[in-house]
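Subject: Handover of a structure, with notes

Dear colleague,

I am passing on the structure below, together with some notes for you to read alongside it. Please keep the sequence and the coordinates open while you go through them.

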Amino acid sequence: MRNLIALFACSFVMLSASASDAPHAAKPAAEAAKPAPDAAKKTADAAAKLAAELAKPAKAIEKPAAEHGAKAAPSIVAKPLIDKPLIDKSLVEKPPKAAVTAATADKAAAAISAPDDEDQVDLSVRIAERLAEMRAKQAARVAAAAKAKKAADARRKKEAALAVVAAAPKVSTHWDYDGEFGPDNWGKINPAWSQCGKGNRQSPIDIRDGIKVDLDEIDFDYRPSTFTEIDNGHTVQVNLARGNFLNVGVERFELVQFHFHRPSEEKINGKGTEMVIHLVHRDARGRLAVVAVLLERGKANDAIQTVWNNIPLEKGQLGAPGIELDAFELLPNRREYYTYMGSLTEPPCTENVLWIVMKQPMTASPAQMALFSRLYPLNARPVQASEGRMVKESN
Ligand SMILES: [Zn+2]
């Protein structure tokens with residue numbers, strides 16, 4: 001019975017140690033053991049050792065818990081190492097009274113006289129068992145903390161990756177002629193448009209210092225054709241039915257579409273015009289040739305009037321008027337031209353485009369100019385560096 005009381009006293013001390021700050025845990029255990037006689041002192045020492053052992057791993061948990069983060073840490077540190085009283089009901093003849101104070105624990109320890117050897121061995125075994133049980137629980141807690149830390153690390157890593165994606169420049173298919181989506185940024189808006197920023201054969205250019213040579217004659221094999229028409233948000237564009245050709249030397253290109261810019265994108269010796277028409281052609285291999293016809297104020301143009309008459313009411317809506325338009329009426333009488341290798345003047349700014357800029361401008365009436373300026377007051381890309389490109393011009 002006395003041994004049992006001693007065990008109870010030791011257990012109480014251990015409980016107190018676990019509940020209080022870990023570094024001080026060994027102290028009360030040692031104090032409690034002090035008044036005990038020699039034989040009982042062994043048991044008390046074992047209890048003190050146990051309390052000290054318990055204190056150690058508790059400290060070990062604290063560190064990873066703190067690193068792991070504020071949320072998980074308190075639950076692990078604050079949780080007592082011992083879930084239930086160390087004494088099993090089977091170990092005590094009578095259950096201990098509810099309120100046990102430190103004084104009664106001291107008294108109990110002091111009252112113990114020498115126990116017999118058998119009891120001593122029995123107690124040691126039980127303490128060892130309890131110690132093993134508690135170590136296993138601690139190991140489980142450490143493992144759980146490590147698992148939680150790993151999960152939190154993985155979550156943080158995932159969040160960081162998402163943040164990188166969010167911070168990356170957004171890919172867009174929208175472009176404009178000023179502001180954030182303007183010509184200076186076209187190359188950055190979409191990777192497919194990188195030529196707009198990095199290309200060295202870009203259009204338009206300021207045409208000057210052309211080499212005067214005998215250029216191939218241009219033959220415009222155009223005829224009245226049906227067409228569709230669209231205000232695509234960047235310009236008014238006319239798509240012609242098949243059968244209109246441009247022949248330059250041995251090259252033959254088919255007219256695909258024409259559209260308008262205001263002011264003219266091209267400059268000749270630093271000077272532009274109020275508007276320009278771009279007639280876009282493609283050959284059998286997909287190579288592009290664009291004919292630029294500069295527009296000045298003057299006489300009204302019938303073909304332009306037909307185009308204006310049939311602009312769809314809504315942007316992006318494709319109109320099919322069911323009448324014919326003769327693109328030949330858009331061309332000047334004289335066939336002299338400048339020619340150089342350049343690019344499309346809007347995204348994706350594709351290079352290897354043959355440019356043919358007619359020397360003689362055409363005219364449109366002030367009313368015709370005014371109508372387009374209401375839709376597109378400015379839809380021209382600024383001139384690009386010529387990068388030493390050769391410009392040829394007709395003699
Ligand atoms: Zn154009």
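Predicted model: local features only at pLDDT ≥ 70, side-chain atom pairs only at ≥ 80, totals over all residues.

Residues are numbered from 1 along each chain as its sequence is written.

Let me begin with strand β4, which spans residues 225–231; helices (H or I, at least four residues) and strands (E, at least two) are DSSP runs, numbered from the N terminus, and two strands are said to pair if DSSP finds at least two bridges between them. With β5 (residues 236–240), β4 pairs in the antiparallel sense over five bridges, and within this pairing glutamate 229 stands opposite valine 238. The hairpin that these two strands form has four residues between them, and there glycine 233 takes a positive phi near 95 degrees. Strand β4 is also joined by two bridges to β11 (residues 318–319), again running antiparallel, where glycine 319 is the bridge partner of glutamate 229. A further antiparallel pairing over two bridges links β4 with β12 (residues 324–325), and here serine 225 has leucine 325 as its bridge partner.

Strand β13 (residues 337–343) is another element to look at. Six of its seven residues are buried, so β13 is largely enclosed by the rest of the structure; a residue is called buried if 20 or more other C-beta atoms lie within 10 Å of its own, exposed if 12 or fewer, and partly exposed in between, with C-beta atoms placed from the backbone. The pairing of β13 with β14 is antiparallel and runs over seven bridges, with tyrosine 338 opposite valine 357. Two bridges also join β13 to β16 in the antiparallel sense, and the partner of threonine 339 in β16 is lysine 392.

Which residues of helix α9 (residues 302–309) are buried? They are Ala303, Ile304 and Val307, and they lie on the same side of α9 because they cover an arc of only 100 degrees around the axis, the arc being that of the directions from the helix axis to the C-beta atoms. The face turned away from this buried side carries the exposed residues Asp302 and Asn309. The buried residues of α9 pack against β4, β5, β12, β15 (362–364) and α10, where contact requires that the C-beta atoms of two residues, placed from the backbone, lie within 7 Å.

Finally, some backbone details. Most residues other than glycine have a negative phi, and most peptide bonds are trans. A cis peptide bond joins arginine 262 and proline 263, with omega about -10 degrees, and proline 263 is placed in the loop between β7 (251–261) and β8 (267–268). The bond from proline 347 to proline 348 is cis as well, with omega near 10 degrees, and proline 348 lies in the loop between β13 and β14 (351–358).

With kind regards
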